[in-house]
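Okay, everyone, thanks for coming. Let me put my structure up on the screen and walk you through it.

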Amino acid sequence: MENLIDNSYVMVLIILVVNIVYVSFLTIRTIFTLKGQRYWAAFISVFEITVYILGLGLVLENLDQVQNVVAYALGFGLGVIVGMKIEEKLALGYITVNVISSNPDIEFTKMLRDKGYGVTSWFAYGMEGDRLNMQILTPRKYELNLYETIKTIDEKAFIVAYEPKQIRGGFWVKQVRKGRIKKDAEEQQEQKEQ
């Protein structure tokens, strides 16, 4: 009898883990697909479907045991979370950040360019007067560093961010290759640790 309970627990654990892995692959594959990375998406889908078949087979063979169905459902939910966490760590692609400074006299654009960010700026007029409007492009992995930099320059700045579908032209790609943004991000991390 104890052997049966052990096998039951092992089966539930296996189904849970298999589904977490499957849905993590599913989430990552979907993100690669949306970003136009078709070869990576296809490569990941091979593993995704293999794991899916194994997990579904285990549940269908033991459909009379409700705990297996519960483990499958929980694994699905947890897999979404794990997949999203993995994607956050990968930080694929770029982010465009629109910033409206509360003070147009701040040398905002220069300060950001000195740190390696691609910035296009123009003056605008808001409800409370003159503003400096900027559009900034950065790799997603440096997004939080950009927000910290913006906060240190102008704590009252209005920020809106979105992911561009396509990027073409401009000087900015060369700047990223030089690693200026990466260097600034590393310096910010060192300052936080001190």
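Let's start with E148 and K151, which form a salt bridge with their closest N and O atoms 3.6 Å apart. Keep in mind that this is a predicted model. These two sit three residues apart in helix α5, so about one helical turn separates them.

E48 counts as buried, at 7% relative accessibility, while R29 is partly exposed at 23%.

Then there's R140 with E87, at 2.6 Å from N to O. R140 lies in the loop between β3 and α5, and E87 is in helix α3, so the parts being tied together are 53 residues apart in sequence. Both of these residues are buried.

Now for the inside. The largest nonpolar core has 15 residues, and V99, F108 and I150 are among those with the most contacts in it. β1, α4, β3 and α5 each supply at least two of the core's residues, and α5 gives the largest share, with four.

Last stop, the surface: E186, E187, E190 and E193 gather there in a patch of negative charge. E190, for one, is in helix α7.

Definitions and conventions: Residues are numbered from 1 along each chain as its sequence is written. This is a predicted model: local features need pLDDT of at least 70, side-chain atom pairs count only at pLDDT 80 or more; totals for chains, interfaces and linings use all residues. Side-chain values use heavy atoms; hydrogens and water are left out. Patches are made of residues with over 30% relative accessible area and no salt bridge: like charges are joined within 9 Å, nonpolar side chains (Val, Leu, Ile, Met, Phe, Trp, Tyr) within 5 Å. Accessible areas come from the Shrake-Rupley method with a 1.4 Å probe; for residues, only the protein chains shown count as cover. A salt bridge is a side-chain nitrogen of Lys or Arg within 4 Å of a carboxyl oxygen of Asp or Glu. Lys and Arg count as positive and Asp and Glu as negative; His and the chain ends are not counted. The place of a charge is taken as NZ of Lys, CZ of Arg, CG of Asp or CD of Glu. A nonpolar core is a set of buried Ala, Val, Leu, Ile, Met, Phe, Trp, Tyr and Cys residues joined through side-chain atoms within 4.5 Å. Buried means under 20% relative accessible area, exposed over 50%, partly exposed in between (1.4 Å probe, protein chains only).
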